[in-house]
Amino acid sequence: MNDFAQLYGRPFEGEWAAPGRVNLIGEHTDYNLGFVLPIALPQTVRAQAARSGDGQLRLWSAQGRELVALRVDDLAPGSVPGWAGYPAGVVWALREAGHPVGGADLRLDSDVPSGAGLSSSAALECVVAAAYNDLYGLGLSAAELAVLAQRAENAFVGVPCGIMDQMASMCCRPGAALFLDSRDLTMRHVPVDLAGAGLALLVLDTRVKHDLGDGAYAALRAGCERAAALLGLPALRSLQPSGLADALAQLPPELVPLVRHVVTENARVEAAVALLDAGDPAALGPILTAGHASLRDDYRVSCPETDLAVEAAVAAGAHGARMTGGGFGGSVIALVDADAAGHVAAEVTAAFRAAGYAEPRTLTAVPAEGARRLR
Ligand code: GLA
């Protein structure tokens with residue numbers, strides 16, 4: 001009793017997909033208007049959708065097995081709890097931006113693991129944005145839809161995330177990472193031929209649920225903004241590595257590690273892009289591991305499980321590894337020789353077992369396509 005016609009008594013007008021993501025490098029740089037380098041995952045959220053003529057937004061989720069019905073005119077920030085807040089927020093953001101959209105019936109399905117730091121919420125927002133764009137003939141670009149999806153999350157759901165996840169889900173291309181400048185949203189698709197280099201990118205979901213809504217993310221963001229203000233900068237992005245030592249000397253001690261992370265992380269993104277441009281993806285390894293150390297020691301968003309996954313992966317022969325996404329749990333990526341992927345995954349699993357942690361869930365990330373219409 002759950003296909004579209006059974007749920008809504010009519011056929012759908014179209015079907016769309018939007019992927020989750022992993023970020024190769026560039027963590028907690030987006031809201032500092034810096035650089036990020038995500039890839040889209042093959043795992044997606046899919047939406048079958050049709051416009052409704054009665055001003056109702058009906059949402060059915062195959063995971064929650066739940067139908068939520070909302071009046072579009074009544075949508076207001078904070079008014080829709082749980083998963084339905086993300087799609088409802090997108091409809092709200094479109095209307096707030098002056099787009100004359102009404103209701104729709106949606107059947108949502110997903111194979112993006114949720115709470116794993118793989119941007120299942122951004123994928124949910126983006127698939128709804130893509131569907132509405134086509135259904136209502138809005139003609140918005142992928143980047144414009146990403147910005148609206150971010151607004152949904154910031155202003156409607158209430159999570160002060162940056163722009164990376166929505167841009168990754170909307171704009172990534174197969175076989176490439178998205179080198180994004182968060183200041184002006186200029187982007188370049190940088191080819192990442194892992195298979196051609198005999199490599200694979202393992203994703204190890206630690207199963208420690210990350211939650212950006214609990215205040216820690218907002219506090220870090222506020223710390224960065226305070227540091228930029230104290231330094232007289234529009235954003236930490238404007239601080240170059242050459243000016244770092246001087247800047248740190250002017251800051252209160254609690255802001256020093258935050259600023260050091262952001263400035264060195266932006267430099268790591270640029271170094272990673274240069275290596276990919278040079279056709280040497282294996283050389284990313286040490287940059288990934290250095291990025292993790294910075295998140296662990298300076299930004300302090302790792303946790304014992306992500307630290308152990310990184311250590312065990314590197315000890316088992318990974319070229320490099322790091323937590324990916326906001327932190328406080330979530331997933332670790334490990335760059336490995338393709339023929340060693342099974343061994344590395346098994347070693348990390350064994351280390352988790354020995355530590356008494358739940359077994360990590362493992363998948364292999366292949367740079368995939370951003371949001372698109374399926375039919
Ligand atoms: C989350 C946010 C992103 C970004 C990352 C950290 O995924 O949604 O905007 O800030 O954390 O890099």
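**Hairpin, buried threonine and a helix pair**

Q: How do strands β7 and β8 pair?
A: β7 (residues 176-181) and β8 (residues 186-191) pair in the antiparallel sense over six bridges. Pairing takes at least two DSSP bridges between two strands; strands (E, at least two residues) and helices (H or I, at least four) are DSSP runs numbered from the N terminus.

Q: Where do the numbers come from?
A: This is a predicted model, with local features needing pLDDT of at least 70 and side-chain atom pairs pLDDT 80 or more, while totals for chains, interfaces and linings use all residues. Residues count from 1 along each chain as its sequence is written, and side-chain values use heavy atoms, without hydrogens or water.

Q: What stands opposite Thr 186?
A: Asp 181 does. The two strands make a hairpin with four residues between them, and Leu 185 in the turn has a positive phi of about 60°.

Q: Switching to Thr 324: buried or exposed?
A: Buried, at 1% relative accessible area (buried is under 20%, exposed over 50%, partly exposed in between; 1.4 Å probe, protein chains only). Thr 324 is in strand β10 (residues 320-324).

Q: What is Thr 324 in contact with?
A: Beyond neighbours within four places in sequence, Val 22, Asn 23, Glu 27, Gly 117, Ser 331 and Ile 333; contact means heavy atoms within 4.5 Å.

Q: And how do α3 and α5 cross?
A: The axes of α3 (residues 120-135) and α5 (residues 164-171) come within 9 Å and cross at roughly 55°, so the two helices are oblique to each other.

Q: Which residues meet there?
A: Ala 122, Ala 123, Glu 125 and Cys 126 in α3 meet Asp 165, Gln 166, Ser 169 and Met 170 in α5.

Methods
Axes are lines fitted to C-alpha atoms, for helices over the stretch in contact, and angles run from 0 to 180 degrees between N-to-C directions. Angles under 35 degrees count as roughly parallel, over 145 as roughly antiparallel, 65 to 115 as roughly perpendicular and the rest as oblique.
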